[in-house]
Amino acid sequence: MVPFAGWSLPVQYGRGHLESHLHTRSHCSLFDVSHMLQTRVYGRDRVKFLESLVVGDIAELKPGQGTLTLLTNERGGIVDDLIVTNTAEEHLYVVSNAGCADKDLAIMKGRAAELRAAGSDVHLEVSDNALLALQGPSMAQVLQAGLSDDLAKLSFMTSITTTVFGVPGCRVTRCGYTGEDGVEISVPAGQAVELAERLLGVPEVWPAGLAARDSLRLEAGLCLYGNDIDETTTPAEAGLMWTLGKRRRAAMDFPGAAIIMAQAKEKPKRRRVGLTSVGPPVRPHAVILDPEGRPVGTVTSGCPSPSLGKNIAMGYVEAAHSRPGTALAVEVRKKQHPALVTKMPFVPTHYYVAK
């Protein structure tokens, strides 16, 4: 167990990181991600409120549909990445990173108070639900046994409220942080252990910890807040311009819009890239060098890939060196090792789209 953002989190369970990672890719694992902040936004101006903070087109989300979006600052930096769902129950459901919970909540509460003072109708409620992520190719088969709803109708980034293995009032969202088909289940805290035990009672399902979560998300090319994105990186540099809604780009009505849109037009000076390398594993803060040995960037995430059997990493390099196939080097313990700019995801993703 390790301390993280005021929580105590499991790094790994008995079987170890490598087995756990590979089991998630081939079968199904359960992750406890209750450290994530879950917020509900109510009121007739809830969309206006959220769009004043994030870059996404929240107004276009159909009931039950969600999106990954970015909370930005006036300098165009990424304050946090969030998943926002327009629920069928007349509120927005927001999931934020635990490490950003305090600042996110302060920003959201401050903005809500400003809008209320100007006559808007918006209020926030912090949920004390637990959050369980069931991830892997056999997730649907495992979960369907405890659902009356048809999972085949639930597409990636859509959500329903339902009873799961006898536990009522659960929000099941088809998403996750592994690149596999999966769900995140927001469950009333008092029944979280009961639901987790029911799921872990299926032999197919293993418990998985933070170490597997990190290597799985890196293989899937997904950013970790605080490592790969933070308040000094912009959506354009991070390769996350796809999170900006078309209408929002035109309106330029989100924090930092002028800086972000100017960067998108002129192309950023540095870009987030994937790297594969030989030699010892590459860790965050390792220097990335061009063939002449000149520093051109920094690694932000790195690990040996259990699925591929080679080193993978993510980092930022000068735009001139960001094309896939570019030969670079990484510095590990003062020695240089060959590296190659590689398209992400490193391992193909298997998000589910309903027929």
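Reader: Which residues line the largest cavity?

Author: Keep in mind that this is a predicted model. In it, the largest cavity is lined by Leu 9, Pro 10, Phe 31, Asp 32, Val 33, His 35, Ala 208, Gly 209, Leu 210 and Arg 213. Strand E3 (28-32) and H6 are the elements that each give two or more residues to that lining.

Reader: What is the volume of the largest cavity, and how does its lining divide by class?

Author: The volume is about 60 Å³. The lining has 6 nonpolar, 2 polar and 2 charged residues.

Reader: How many cavities of 30 Å³ or more are there?

Author: The count comes to 2. The second largest cavity holds about 50 Å³ of space. Around it you'll find Ile 83, Thr 85, Tyr 93, Val 95, Leu 131, Thr 173, Cys 175 and Glu 184. Here strand E6 (78-86) and strand E7 (92-96) are the elements giving two or more residues. By class, that lining splits into 5 nonpolar, 2 polar and 1 charged.

Reader: Okay, on to pockets. How much space lies in the largest pocket?

Author: About 1,200 Å³. Its lining takes in 50 residues, and Asp 81, Tyr 177, Leu 222, Cys 223 and Leu 224 are the ones nearest the pocket's centre.

Reader: Which elements supply at least two residues of that lining?

Author: Look for strand E5 (65-72), E6, E7, H6, strand E14 (270-277) and strand E19 (335-342). Sorted by class, the pocket lining has 29 nonpolar, 12 polar and 9 charged residues.

Reader: Is the crossing of H1 and H6 left-handed or right-handed?

Author: Right-handed. From H1, the contact is made by His 17, Ser 20, His 21, Thr 24 and Arg 25, while H6 brings Ala 211, Ala 212, Ser 215, Leu 216 and Glu 219.

Reader: And how do the residues of that contact divide?

Author: There are 3 nonpolar, 5 polar and 2 charged residues in the contact of H1 with H6.

Methods: Residues are numbered from 1 along each chain as its sequence is written. This is a predicted model: local features need pLDDT of at least 70, side-chain atom pairs count only at pLDDT 80 or more; totals for chains, interfaces and linings use all residues. Side-chain values use heavy atoms; hydrogens and water are left out. A crossing is left-handed if the near helix is turned anticlockwise from the far one by less than a right angle, and right-handed if clockwise. Helices (H or I, at least four residues) and strands (E, at least two) are DSSP runs, numbered from the N terminus. Contact means heavy atoms within 4.5 Å. Ala, Val, Leu, Ile, Met, Phe, Trp, Tyr, Cys and Pro count as nonpolar, Asp, Glu, Lys and Arg as charged, and the others, Gly among them, as polar. On a 1 Å grid over the protein atoms alone, a cavity is a set of points where a 1.4 Å probe fits but cannot get out, and a pocket is an open set with protein on both sides within 12 Å along at least five of seven lines; lining residues have an atom within 4 Å of a point. Grid points are joined across faces, edges and corners, and a volume is the space filled by probe spheres set on the points.
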